[in-house]
Amino acid sequence: MAAPPRSPDAGLQGSRCSGCAVTVYPAEDACPRCGGSADPAALQGTGTLWTWTVQRYAPKSPPYQAPPGGFAPFALGYVELAEGVRVAAVLDVDDLDALHIGMPLTLTADPGVPRARPITPGEEGS
Ligand SMILES: [Zn+2]
């Protein structure tokens with residue numbers, strides 16, 4: 001196993017196969033498709049919501065740690081990045097009912113699960 005593939009400072013660190021060009025997150029030393037060697041690849045961090053669900057009860061603790069205000073329902077989903085990889089993330093949204101497949105999101109690394117938040121108008125392309 002290589003060094004931990006993600007850190008809050010490095011952003012989303014994935015890997016890309018030098019043989020078949022498959023991109024994965026988190027980074028792997030070997031390609032999961034062809035077994036070839038994979039090189040580190042910084043991922044773009046923007047994508048669209050592929051699917052999601054809402055966690056409406058507190059997960060088992062540990063490992064879950066409730067926030068200071070106590071448990072509140074939150075959303076989890078897969079964000080599909082331009083590189084073609086789908087990344088599981090906590091979805092930081094104010095309104096769970098506003099979630100919809102295809103909505104643009106920006107994704108950031110986190111010591112735990114990556115976090116995604118909606119891209120607000122005027123923010124795209126930055
Ligand atoms: Zn490959």
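Trainee: Over how many bridges do β1 and β2 pair?
Mentor: This is a predicted model. In it, β1 and β2 run in the antiparallel sense. One of the contacts places R16 against T23 of β2 as its bridge partner. The number of bridges between β1 and β2 is 2.

Trainee: In what order do the strands of that open sheet lie?
Mentor: The open sheet holds 3 strands, and their pairing is antiparallel. β2 and β3 each have a single partner strand, so one side of each is left without a neighbour in the sheet. That puts β2 and β3 at the edges. The order is β2-β1-β3.

Trainee: Which residues are the protein donors of the zinc ion?
Mentor: Each donor atom is an SG, lying 2.3 Å from the zinc ion. In sequence the donor residues follow the spacing C-x2-C-x10-C-x2-C. The donors are C17, C20, C31 and C34.

Trainee: What is the geometry of the zinc site, tetrahedral or irregular?
Mentor: The zinc ion has 4 donor atoms. Four donors count as tetrahedral if all angles lie between 85 and 135 degrees. Here the angles run from 101 to 120 degrees. The ideal angle for four tetrahedral donors is 109.5 degrees. The site is tetrahedral.

Trainee: How many residues apart are C17 and C34?
Mentor: C17 sits in strand β1, residues 13–17. C34 sits in the loop between β2 (23–24) and β3 (38–42). The pair links distant parts of the chain, with a separation of 17 residues.

Trainee: Is C17 buried or exposed?
Mentor: Buried means under 20% relative accessible area. C34 has a value of 45%, so C34 is partly exposed. C17 has a relative accessible area of 5%, so C17 is buried.

Trainee: How many bridges do β5 and β6 share?
Mentor: β5 covers residues 74–81 and β6 covers residues 86–91. Y78 stands opposite A88 in β6. G77 faces A89 in β6. The antiparallel pairing of β5 and β6 counts 6 bridges.

Trainee: Which residue in the turn between β5 and β6 has a positive phi?
Mentor: β5 and β6 form a hairpin, with 4 residues between them. The phi in question is about 95 degrees. The residue is G84.

Trainee: In which sense do β6 and β8 run, parallel or antiparallel?
Mentor: Strand β8 covers residues 115–118. It is joined to β6 by 2 bridges. L91 has A116 of β8 as its bridge partner. The sense is parallel.

Trainee: What share of the residues counts as buried?
Mentor: The protein has 126 residues. It exposes about 7,800 Å², with 54% of that supplied by carbon and sulfur atoms. The buried share is 30%.

Trainee: What share of contacts joins residues at least 24 apart?
Mentor: The count takes contacts between residues at least 6 apart in sequence. Among them, the share joining residues at least 24 apart is 48%.

Terms used: Residues numbered from 1 in each chain as written. Predicted model: local features only at pLDDT ≥ 70, side-chain atom pairs only at ≥ 80, totals over all residues. Heavy atoms only, no water. Donors = N, O, S within 2.8 Å, 3.2 Å for Na, K, Ca; no water. Tetrahedral: all angles 85-135°; square planar, octahedral: opposite > 155°, others 65-115°. Buried < 20%, exposed > 50% of the residue type's maximum accessible area, 1.4 Å probe, protein only. Pairing = 2+ DSSP bridges. Contact = heavy atoms within 4.5 Å. Areas by Shrake-Rupley, 256 points an atom, 1.4 Å probe, with all protein chains shown as cover.
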